[in-house]
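The following note sets out points for a colleague who is examining this model. Each point can be followed with the coordinates open.

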Amino acid sequence: VGQRLLVKSDVIQEFLPRGVSAYGDGLENGQLLQIPLVDANPSLVFTYFANVTKGCTWSNVTLFLRHDGLPIVNVFNASYPNFTWVYQPIDYEENFLSDGLQKRLTIYHRQLSSVVFGIVFFLEDAARIQQQGLTKSCTTLFWGRVETLAVNISSVSVGERVEETATSVKLVRKSFVQPLSAKWVLDQSKEDGNITANVESILDLESGNIPTFLSWTILSPTDVGGTLQVDIKFNKDVRNSSVFGYLAFGTPENPDRIHFVANSSDVTPKATVIVPYPLAGVWYLSLYANCTEWNETDCQRNISVKVQISLSPCKEGACGPHGRCVQYFSAGLIYSACVCSSGFAGWSCSDDTNALSTTILLTSVLLLTLSNLFFIPAIILAFRRGFYSQCLLYFATMFFSSFYHACDQPEFSFCLMPYTVLQFGDFYSALTSVWLTAFIVANPSVSEEISSAICIGGAVGIAMAVHYNPTSLASFAIPIVCGLGLIAICWTRQSCQMHKCYPGKSYCLKAVLPCLLFSIVGLVCFAFLETEDNYFYVHSIWHISIALAIVFVIPPEGKKIDITKPPSNDHEPLSL
C-alpha cells in the first residue's frame, strides 16, 4: 500500500512578457526558458500564451521543452556532421498562435531531473528585408507561469541509481578559463584492476567480454550549452584488434545508448561521437577490446587505448569554413551556436542542400561592388561643371560603398578598413551627397557665408543621424525631405521674382523627370523588394538608379545665377 501525499498548488516560476524572435538555424534567435523542478511533485502545470502588437497578424509560435538540456532545434531538418548523436532532442513540443489565448501543458517529473529548459520562437512566412520605419513594427510577446499540480498521489516511486562496479572509473574534470570548455581525464592516483590510469587517459584493456566503464558528470547550467565529444584511438600500433564503445546517459545499460567501434585495420584507427547540447547528469562510456582474427595467437591480449572526452563550443570551437561559432548568454546560462552563411545550414554549417555555388557568390560580390562604378559619370560631370565638393562626395560614396559591400560578404570578404568605419563612410557619404546635390539644384540666392552654413549644418546633422542609427528610416528620410523642401522654397522664390516658371521646361523634362523616375525605381527596390535571396541583385539596382539620377539632375554650370538681373530673352534658367 503506497503512502498518500497531498501536494499543495503553488507558483514556482513566472515568465514576465518577453519578446519572441523569428527562427534562425538553431537557438541563436530564440527566447530561452529555465524551469526548476520540485522533487515532491510528479508533475507541473505550465500556463502560457503569446500575443502580438495591435494591428499585426498572428504568428505561429513554437515552444520546445527538454529535461536537463537545451532543446535541439532543427525545424528545417538540416543534416548533422558525421558521427553526431542527437540524444533526446526535445521532450515537449507545442505549436500555437499568438492570439492571446492561454494554453496549458503538464510537465511530468523525470527521474533524477532537476530542471527543464525551453525555447520559444516563431516562424516567418517570408524572408523580406523590412526597412525600419516603412512598415508597422510588430512584436510577439510570450508570457508563462509554472505551478505545482494539486493532486493526491497514491505512490511515489524513486528510481534506483546504478551502482558503480569494480571495473568503473570516474573521470576527473579539468576546466578551462574559456566558457563551455572542459575535459575529463583519469585520476593519476587511482588504479583499478587491469586499468593503468594516468592524466593522458590511456587505458590498457584486456581482450575479452569484460567491459571497462568510464563515467563523468555534465554540470548544469555550465556545460549544457556546449558540445560533448568522445574520441577513442589506439595508443600504440596494434593489429587484428578492435575496440567497441557504448556511450550512454544515466546508466551504462541505457537501451538508447549508441555504439561505435575503432578497428586497427582502418586507415584512421579512431572512433568519434559528437553529442550536441548534452544532458546534465552522469554519462558512461563502456569499452570492450576484441580480437578480429580466428587464430588467437595472432591477437594481442592487452590493447592500449587513448580516450579523449571534452566539451567545447559548437564542434571543437568552430563551424567549418561556412560559419562562425558564437556564444550567447540567456536565461542564466551560456550556450554556443553556429551562424551559417552562403546558404549552408546545420549544427556545424555542414548541410549544403541550399548552399550557393561559388559562381553565384562571386557574381553577387561583383554586382554589389562594381555597380558603384555607375557613380563615375556623376563624378566626371560634377568636376567638369565646377561642383568640386559634390565631385569629392560622389567619389567617396563610390569608394566606401564598394569596399563596405566587399567587407560585408561571408565568403569573398576583403576589408580595407574596419567594418564599422566602412559602414559609417558608406551611409554618411551617400546621404551627404543627396543633401549637397539638392543644394546645388535648389541654387539658393544667398551669400557664400550662409551657403557654407547650410551645407555644414546638414552635414553635421547627417553625421549624428548615421551614428545614432544608420539603417533607420529617419536617417534616409530627413536629408531627402529637407533637400526637397529647400528645392521647393528656392524654386518658388525664383519663380515669383522672375514672374515665370523656374526652372525652365527643358530642364524639367530632360533632368527633373528622369531623376524622379530613377529615384523612384531605386527607392522602391530598396524599401519594398529586397529579400534575403535577391538582395545582391536588387540592392545593385538601387546603386545604379541613384547614381544615374544624380547624373541627370546636376545643373549645367557651377556658377550661381544672379536672379536680381532679368534673364535675357535667349537664355532659360537651368535649361539644358
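1. Overall make-up. This is a predicted model. The protein chain comprises 8 helices and 23 strands. Of its 576 residues, 45% are buried. Among contacts between residues at least 6 apart in sequence, 75% join residues at least 24 apart.

2. The UniProt record, an unreviewed entry, lists "transmembrane region" for residues 360-380, 387-406, 426-443, 450-468, 474-491, 511-529 and 535-555. Two of these stretches may be set against the model. Residues 387-406 are 95% helix and 0% strand, with the end C-alpha atoms 29 Å apart. Residues 450-468 are 100% helix and 0% strand, and there the end C-alpha atoms are 27 Å apart.

3. Packing of helix 4 and helix 6. Two packed helices are described by the angle between their axes and the distance between the axes. For helix 4 and helix 6 the angle is about 5° and the axes are 8 Å apart. Because angles under 35 degrees count as roughly parallel, helix 4 is described as roughly parallel to helix 6. On the helix 4 side, the residues that meet helix 6 are Phe427, Leu431, Val434, Trp435, Ala438, Phe439, Val441 and Ala442. Their counterparts in helix 6 are Ser475, Phe476, Pro479, Ile480, Cys482, Gly483, Leu486, Ile487, Cys490 and Trp491.

4. How many aromatic pairs does the structure hold? There are 32 aromatic pairs. One of them joins Phe427 and Phe476 in an edge-to-face arrangement, at 6.1 Å centre to centre and with 75° between the planes. This pair links distant parts of the chain, since Phe427 belongs to helix 4 (residues 419-442) and Phe476 to helix 6 (residues 473-498), 49 residues apart. Both Phe427 and Phe476 are buried. They also belong to one aromatic cluster together with Tyr404, Tyr419, Phe526 and Trp542.

5. Ser286 is part of strand 20 (residues 281-291). Is Ser286 buried or exposed? Its relative accessibility is 1%, so Ser286 counts as buried, the cut-off for that class being under 20%. Beyond its neighbours within four places in sequence, Ser286 is in contact with Thr212, Phe213, Phe244, Gly245, Tyr246 and Pro252.

6. Surroundings of Val115. Val115 is placed in strand 8 (residues 115-123). With a relative accessible area of 7%, Val115 is buried. Which residues does Val115 touch, not counting those up to four places away in sequence? They are Gln34, Ile35, Pro36, Leu37, Arg66, His67, Asp68 and Ser220. For Pro36, the C-alpha to C-alpha distance from Val115 is 4.4 Å, although the two are 79 residues apart in sequence.

7. Backbone features to inspect: peptide bonds. Most residues other than glycine have a negative phi, and most peptide bonds are trans. The bond from Ser220 to Pro221 is cis, with omega near 5°. Pro221 is in the loop between strand 15 (212-218) and strand 16 (227-234), while Ser220 is one of the residues touched by Val115. A further cis peptide bond runs from Tyr502 to Pro503, with omega near 0°. Pro503 is found in the loop between helix 6 and helix 7 (505-529).

8. Backbone features to inspect: phi values. Asp68, which is not a glycine, has a positive phi of about 60°. Asp68 is in the loop between strand 5 (60-67) and strand 6 (92-97), and is buried, with a relative accessible area of 7%. Asp68 is also among the residues that Val115 touches. Tyr277 is likewise not a glycine and has a positive phi of about 40°. Where does Tyr277 lie? The place of Tyr277 is in the loop between strand 19 (270-276) and strand 20; Ser286 lies in strand 20. Tyr277 is buried, with a relative accessible area of 2%.

Technical notes. Residues are numbered from 1 along each chain as its sequence is written. This is a predicted model: local features need pLDDT of at least 70, side-chain atom pairs count only at pLDDT 80 or more; totals for chains, interfaces and linings use all residues. Side-chain values use heavy atoms; hydrogens and water are left out. UniProt positions are given in the numbering used here, feature names are shortened, and annotations may be inferred rather than shown by experiment. Helices (H or I, at least four residues) and strands (E, at least two) are DSSP runs, numbered from the N terminus. Buried means under 20% relative accessible area, exposed over 50%, partly exposed in between (1.4 Å probe, protein chains only). Contact means heavy atoms within 4.5 Å. Rings of Phe, Tyr and Trp (its six-membered ring) pair if their centres lie within 6.5 Å; planes under 30 degrees apart count as stacked, over 60 as edge-to-face and the rest as tilted. Axes are lines fitted to C-alpha atoms, for helices over the stretch in contact, and angles run from 0 to 180 degrees between N-to-C directions. Angles under 35 degrees count as roughly parallel, over 145 as roughly antiparallel, 65 to 115 as roughly perpendicular and the rest as oblique.
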